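Try each one before you read its solution.

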Amino acid sequence: MDSTRHSGILLHVTSLPSPFGIGDLGPSAFRFADFLEEAGQTIWQVLPLVPVGYGYSPYSSPSTFAGSAWLISPERLVEDGLLGPDDLKGAPRFPAEWVDFQRVLPFKETLLRRAFERFEAGGSRISAADFKAFCDRHADWLDDYALYEAVKAQNGGEEWTAWPRPIAAREPAALKRAEKEHALEIRRVRFWQYLFDRQWKDLRAYCNARGIRIFGDLPIYVAQDSADVWSNPELFHLDTAGRGTVVAGVPPDYFSETGQRWGNPIYRWNVMKRNGYAWWIRRMARILDQVDLVRLDHFRGFEAFWEVPASEETAVRGRWVKGPGARLFRAMEAELGTLPVVAENLGVITKGVTDLMDRFGFPGMAILQFAFDSGPENEFLPHNYDRRLVAYTGTHDNDTFLGWWTDTRSTQSAAVIERAHGYCRAYLDVGEGDEKEIGWAGIRALMA
């Protein structure tokens, strides 16, 4: 890992301004890269770039390998001759402050389907040979994902465990029939993945040429309803119907008396070990083909994870189970070289977790908003920061620093409020009436 100090901004692509209701890989993304360069920033951190799933979340995606078609820029499709300028006229008036997925997705799907039809008709500047080369290069995940999406659409969006048994169980004859029946839809899904890949690589190259590295995000678990689980059932603890017998979560803590039952299926780490962690190596290789740095979400789970019986409604009756630990990262480094990984190590972290991070030189994270629930020894106070650390005023899981400061009285104890406000006045030079400057004060504290 590069030991040079860097500064950057966490901004997911969907948050960029756009006339099409959702931030995308078009002109606004390139303007943001220009802003980062002008501001002397060298990191652009994003959330997972995968398709969204339950709750429109990229952390419950139907594929850990695919890219989100909803991030494809319509304006760049016009440049490629896949859409005409008139196709972009008459877009609905979307909210400026948030993504209205229920209205955005049908609108963008119409544009993307039109782009595919124009490509099939030969009316664009896209190379058919380039598209085929992309499909061949990514066949190890793209074929299953495209078939999964096609069959899911045929079944009204139902989870794959509710599909007819032959295709849910991936019987060879059923797979062949589905591939033939849905050939055009499968080709469309592949084409959208090609467009995402093409646009994303252009943006990343633009950033890299300006000294800006992309900092990506890889969740530890995948969604139950995903091409990942459907096409690799042997790698997960599943029952005969394909549903998880044990699921992921975290135990009860001061945030929740019942813990958190996430519901993701648990990996069969013993099976993964026997095949050299091949699936995880492919997964890491895929994201490293897209980004320069990787945040490994819930890193704690690689050392030991909380396993909850699927029959339980909460995470209370779970148990700690040892994870793959150093074996997994040794296998990945043997194939991929030194891993540019940042460990998301927030929460209750054991010595085993810190030892694993130290062994591979993975930096951890610190959140300034978490620094005031104890005294001067709090690890998230800037004067306690280690050199190997990525520090934030807040992340995508937090309010903004200004919002946090403003809302502390309704969400925090009196002791936390007193420590936070006292620290910010004494050390961040925020006086009475200067509350609007608190965001800049937090940034200055981290930059120092």
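**Exercise 1.** Find out whether Cys424 and Cys135 are buried or exposed.

*Solution.* Start with the cut-offs: buried means under 20% relative accessible area, exposed over 50%, and partly exposed in between, using a 1.4 Å probe and protein chains only. Cys424 has a relative accessible area of 0%, so Cys424 is buried. Cys135 comes to 12%, so Cys135 is buried too. A word on the source: this is a predicted model, where local features need pLDDT of at least 70, side-chain atom pairs count only at pLDDT 80 or more, and totals for chains, interfaces and linings use all residues. Residues are numbered from 1 along each chain as its sequence is written, and side-chain values use heavy atoms, leaving out hydrogens and water.

**Exercise 2.** Count the disulfides in the whole structure.

*Solution.* Look for pairs of cysteine sulfur atoms within 2.5 Å. The search finds 0.

**Exercise 3.** Check the radius of gyration of the chain against the globule rule.

*Solution.* Take the radius over C-alpha atoms, and for the rule use 2.2 Å times the number of residues to the power 0.38. For 448 residues a compact globule would come near 22 Å; the chain has 23 Å, which agrees. Finally, turn to burial: 50% of the 448 residues are buried.

**Exercise 4.** Work out what share of contacts joins residues at least 24 apart in sequence.

*Solution.* Count heavy atoms within 4.5 Å as a contact. Keep contacts between residues at least 6 apart; of these, 70% join residues at least 24 apart.
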